[in-house]
Amino acid sequence: MAQAFPAAVWHVVAEFLMEDDVGSVQCLNNEVARVLDDEKVWLRLLQLRTGLRTLTKSDLHDTPREALRQFLQHSIRWSRVPRKQGDVPGEGLPENRWMHRSAGNYVFGGKGSRMTFNDLWRVEIEEGQATYQRVEVDAGIAPPARSACGFVDIGTRIGAFLAVFGGRGGDDRYLGDMWVLEPVVKDHLPVWREVPRVDGPGREVHGDVAVEGPTPGERWMHSMTAFRSGFLMFGGAASGQVFDDLWLCDIHRGQAGSMSVSWGEIEVAGPKPCPRAGHAAASSEEYPLIISGGMLLPPAQMTVSDVWTLMAPTNGITHWVQVEIQSPLCARIGHSAGVMGDRLVVFGGRSPSPMGGGTTSGFSATVDVVNVKTGKNKSISTAGSCSSPLRTGHAMLPHASGFAFFGGMNKTGGGPQRESEDILLLHAF
């Protein structure tokens, strides 16, 4: 009977099976075993489990079946992408920095030993090599230099909008401005446009930009994640305050270059995360926002380790679900988080107070993986040429077999803290 089904049917059946079950089905007969041993089946399973739908065989260091086994066993390794000999920061390369922000392959702003930045870079990583391209923009206005701002890449039908909100300026002022970099138009440089603030409810038109408010208050160390035609913004801090508010910003481009921006605070039903700043945030196909850790109200500067998922808002109302984690996570601030399938991968960060194992002077060297549906979690041991790196305030970038981490403040053993100059690659398979 099994032989009566064509190979294409067995390929579809395999997508609904757990990996061990595929092996069991292969025992039905030699023909089914041959069909399900096809590398396309195992590559598709790897794509489904990791959520990396564009993954190809050329992205892997091993066979798709072995890569899936490594992923399921949390077998990760580190490698380092050094700068090329002769490369000089500031001359074709971004200067060393931390508290910058990433959105897709873009990196914006941050703070260095000499200055605070407002430059924009595109970083591509292929075959262990990094390519840095400074994004040239129209010579008009641009966002003032800042660190720890919100930064997001909003994909639309006509291209990507890059949006910036808030942060802390080079003079330590808390910022509450919003800027949008519009998609590149043929033969024209992209242009930064400032979105005017609206301090109360209602709609105001400034030139060709219509804004419906109120606009959220000044803040830094908040999170922004792309959602529909805009983004979700959560938390942050300013002037002794830490926030737990959740905002939805929609951005629409009209005819003749016009733009409409609407802000709305989202009502939360039921329990929600406590106010925090410096948390890590990510999103998945199922959850538009997942947050991890962060710092509570000063002056106590207590860090937390909880994980929350947000359900998609409906009619301006949503609810949070706290992930019941099976084993305690490392409490931290200034870390990063990314999603692979149902797993949240958390790396780096620090704590103003000692955090116990896996840290040096408050820096975290652990990689924690949390299944956001089941709460199962594991602190992963790492291998490779740069195991147990200590880094905080870095940016996370996409990479074919895992994640890449650019910049940040690092610490090696008892050595001094310094801005990082390289890129770390975390290979999940």
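Which residue is the bridge partner of E204 in β12? The bridge partner of E204 there is V211. The model is a predicted one, in which local features need pLDDT of at least 70, side-chain atom pairs count only at pLDDT 80 or more, and totals for chains, interfaces and linings use all residues. Residues are numbered from 1 along each chain as its sequence is written, and side-chain values use heavy atoms, with hydrogens and water left out.

Strands β11 (residues 202-206) and β12 (residues 209-213) run antiparallel and are joined by five bridges. Strands are DSSP runs of E with at least two residues, numbered from the N terminus, and two of them pair if DSSP finds at least two bridges between them. Two residues lie between the strands of this hairpin, where G207 takes a positive phi near 65°.

Eleven aromatic pairs are found in a search of the whole structure. The ring centres of F108 and W192 are 5.9 Å apart and the planes stand at 55°, so this pair is tilted. Rings of Phe, Tyr and Trp (its six-membered ring) pair if their centres lie within 6.5 Å; planes under 30 degrees apart count as stacked, over 60 as edge-to-face and the rest as tilted. Because F108 lies in strand β3 (residues 106-111) and W192 in strand β10 (residues 192-195), the pair ties together parts that are 84 residues apart in sequence. One aromatic cluster is formed by F165, F231, W247 and W263.

Arginines also lie over ring faces, as tabulated here.

| Arginine | Ring | Distance from ring centre |
|---|---|---|
| R122 | Y106 | 5.0 Å |
| R219 | F243 | 4.5 Å |

A charge sits over a ring if NZ of Lys or CZ of Arg is within 6 Å of the ring centre and within 35 degrees of the ring normal.

Technical notes:
Helices (H or I, at least four residues) and strands (E, at least two) are DSSP runs, numbered from the N terminus.
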